[in-house]
Amino acid sequence: MSLVALLIVAFGGAFLTYFVGKISPKLRNCLAVVVSLLLVVITALLYGKSPNVTFYPGFLGIPLILRLNMLSWFFAITIVGIGLLSVIYSLQYVKKEERLDYYYFTMLFINASMLGTVICGDLISFFIFWEMMSWSTYLLISYKGGRAIAAGFKYIIMSIIGSLAMLVAIISLYTRFDTLEITALASQMQTAPIDYTLFILILFSIAFVIINAFWPVHTWLPDAHAEAVSPFSSVLSAVLVRKGMYGLYLFMYVILGLNILNKLSAGIISFNTVFCWIGAITIVFAALTALLKNDSKRILAWSTVGQGGYMILGVAFATTLGMAGGTFHILNHCIYIALLFFVAGAIEHQTGGIRDLNSLGGLIKRMPVTFVGGLVGICGLIGLPLTNGFVSKWLIYKTLILAGHPFLAFAAFLGTWGTILYGYKFIHNIFLGQLPEKYKDVKEVPFTMQLPIILLTILVILFGILPGIPLKVVDAIGTSLGFESLNVSIWWGIASESGTLNTINIFSAVLIAAIFVWILFRLGAKSVSVAQDDSYAAGAYTPVDKYHYTAEFYNPLYRMIKPFLRDVIDEFYYWIASLVRSLANSVRHIYNGDVGYYVMYIILFLTLLIFVQVRWKIW
Amino acid sequence: MVAKIIQIILSPILALIVGVFFLGLARKIMARIHWRYGPPLVQPVIDIIRLFYQKSVSHGRMFDLGIVLSLAGSIVVVLFLPFGRICPLSSSGGLLVILYIMLLAPLGMALSGGQGANPNISIGISRKLILSLGYEVPLLLVLLAVMTHYKTISIVEMINVQQSSNWSIISWPLFLSGLSYFLILPAILGIRPFDVSSAPQEISSGSMVEYGGKYLALATIEHAFALFISIALFVNLFLGGAANPVIFFVKMLVVFVLCLFIHAVFPRFRIEQAIKYLWRWPTLLAFLGLIIAAATRS
């Protein structure tokens, strides 16, 4: 029954917030936080339980079911967790915006519908929640107006294509098996012919690959993430995009299962290799493209595209290690990318909407908490040891190398090194270097915006040092999908037949070394603190405000790789869009709304009919 | 347990001695090639000690912490790298972990330099990062070839196999990879023709420009460690490691002196030229090497 309660709180809370907002904005803000918090509490209490309830007996004769298992709990907790933090973050962030009732309502509504997609137990409710999610996301992406409307439009078109593919598949499944309940389908699909399975799988994959923004359907994501409101960018990037991963889990491993997937291969081309190479291309392409961007949120958006590649590399590989790596990476990515979008949002908020990396600088002195958050987030994104991203990437690399796929591993590594470059650029251009005169009075963000940043920073480091805690859950998911159990211990790292990873060892080594060096540093002669413009310039005059080298930070590299990095796919989609538009325009010449023309068409058509009858006498 | 603790203390000290010795040796050999007499071998030690007593300027908290992180990161890498038979922590995670911890030192340096707020630093770091992307492409291909060939990510196991049979560089599946690694070694070490990121005459030593006193001392120590790490990794992976530290040291010395000869006679590349070189021949060789390693993997 608690699942129904969860949904009632989620959806009811969203509507209630909207109406309360008409009475009192303060109350509305409190209510939004309380609802989000309540969702976190209920979801956390549901850990390890597996309820299964029919919440609506017959929708067109199909019962609608809610159920929970380890997989859906894992996704549910990320949704409600990030949802809570982004609502808290929003309190100050959107304070000065208009239409706040609408904003909070859509925000909570999206969370509720995402929650619905992961806890529903049949495909018809899955589809309904999925569509609610798509449409409300569209509304919130275009919330800011202007360029955001175009971005939202791009998103909704691609999303509808995916949804239609999914709808075709669902109808086909229903006509064939007469049920849409996931467990029933899972057993029925085992006996289905292989070409039918492939057909269904491809249709569903279209939907999920689009929402996951893998190459070549990545084009909606950078625009949408960059133009959305920052707290919502966090939600988009951390959890909403990963609903696609949930869908892939659901269809590849829950409904079809490993047996069928392994049969789907012809020679060296199998379902896994197709996904793996899509992932590899996504990683490299996104990492190199992000290098060329100068917009803080656009860089993060491209990194979201790229990190999706790592997940699919791990998950599509379908081994115990790979599965654990991919699943864990979903969680890790969720944590650090939310953190980074909060950081980018904080900068945007405090500097008056500046996202251009070339005009910022030196903010470490003004916004130290945000800086630490940004640094830790970037370290997680790179996958530096002692952050959570390292552990999941280690698992994925190890899977690829031991399974003898060095070229896939190379793509993954190359993506990481690209990440280092744009990650450092993000940190350097915003926080380091000289503080421009116009940002002298910038202040640290208010506490409600700091809180999500601090919490997520702690999580990145905690899961990096003690990966055993989340890996217990990840491992439970793996075993529930039919993989072997991973040998994880909270204190002794991840053991496997060939070498262990002990993050505690690394942590203590770094800590002791750092303390030792720090003592050495303190023992040396004292240093004098100097002003930022008191620096060495070989005696030359140092112009104030121009003394921060950020523009075209990787210029030599730009010149070399830029010709190869045209987003041909995006241009192709735009070409199709313009084609459709010109087609529609020419059609408009015929349907021009003038009644005289229509009368003429009717007369012409009748003349044609009469002519045909007189000439050939066919009626 | 006691033996392990002794190893943990011993290996950074040994690495430091070797690294600082290399710094001194480099100046001496360079001087001799230039027909000068050159400073005494212990000059770097004298410099480091002197620098600790000198005054310095600080540009802020990250300026201090970055340099500490950088040196600490280097020390940790040394703990993971086998030095002869001394390998205190090499069982945790293998080559993949080494590869990633090696990032801490340059990252620390970059963060510290970044707060220095000097355009020379920014240019130096940007060049350093571009150069590292340049040499990481062949390097990663080489490391993947090694890991694929030996079917393990543990560096100790690789050394054991090499000890019982041939060195990697003269066993044919890895010959091309080894060659490629040697071709990019000057770029990894940051010596000519790849010293674009320090380039004293152009950008006043790049990321080091704001350092003085103890900062410069720590940066020099870090540099010594970095020399040790890059060469030790090559020796471990391709020249068979060693059964004892002395032979290991001799192998490192040979590699280092070879690199110094390159350093002494080549002028500096521009950064584009460096990338073009790195992404052409070494990458091609490393790519072929990886194909061979993947194809011969039984």
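Leaving aside its neighbours within four places in sequence, Ile364(A) is in contact with Phe371(A), Phe431(A) and Leu432(A), and also with Met62(B) and Gln115(B); two residues are in contact if their C-beta atoms, placed from the backbone, lie within 7 Å. The model is predicted, so local features need pLDDT of at least 70 and side-chain atom pairs count only at pLDDT 80 or more, while totals for chains, interfaces and linings use all residues. Residues are numbered from 1 along each chain as its sequence is written, and chains are lettered from A and ligands numbered from 1 in the order in which they are written.

Ile364(A) is placed in the loop between α14 (320-351) and α15 (368-382) of chain A; helices (H or I, at least four residues) and strands (E, at least two) are DSSP runs, numbered from the N terminus. Ile364(A) is buried because 25 other C-beta atoms lie within 10 Å (buried: 20 or more such atoms; exposed: 12 or fewer; partly exposed: in between). Ile364(A) and Leu435(A) are 71 residues apart in sequence, with 8.7 Å between their C-alpha atoms.

The contact between the chains takes 56 residues from chain A and 65 residues from chain B. Among the elements that each supply at least two residues of the chain B side are α2 (43-53), β1 (56-58) and α3 (61-80). The largest share of that side, 15 residues, comes from α6(B). The side of chain B that touches chain A divides into 39 nonpolar, 19 polar and seven charged residues (nonpolar: Ala, Val, Leu, Ile, Met, Phe, Trp, Tyr, Cys and Pro; charged: Asp, Glu, Lys and Arg; polar: the others, Gly among them). Strand β7 (residues 527-529) of chain A pairs with β1(B) in the parallel sense over three bridges; pairing requires that DSSP finds at least two bridges. In this pairing, Ser529(A) stands opposite Ser58(B).

Within chain A, helix α6 (residues 147-177) packs against helix α8 (residues 194-212) at an angle of about 155°, with the axes 8 Å apart. Axes are lines fitted to C-alpha atoms, for helices over the stretch in contact, and angles run from 0 to 180 degrees between N-to-C directions. The angle therefore makes α6(A) roughly antiparallel to α8(A) (under 35 degrees: roughly parallel; over 145: roughly antiparallel; 65 to 115: roughly perpendicular; the rest: oblique). Residues making this contact include Met158(A) and Leu173(A) of α6(A) and Phe204(A) of α8(A). The residues of the contact comprise 14 nonpolar, four polar and no charged.
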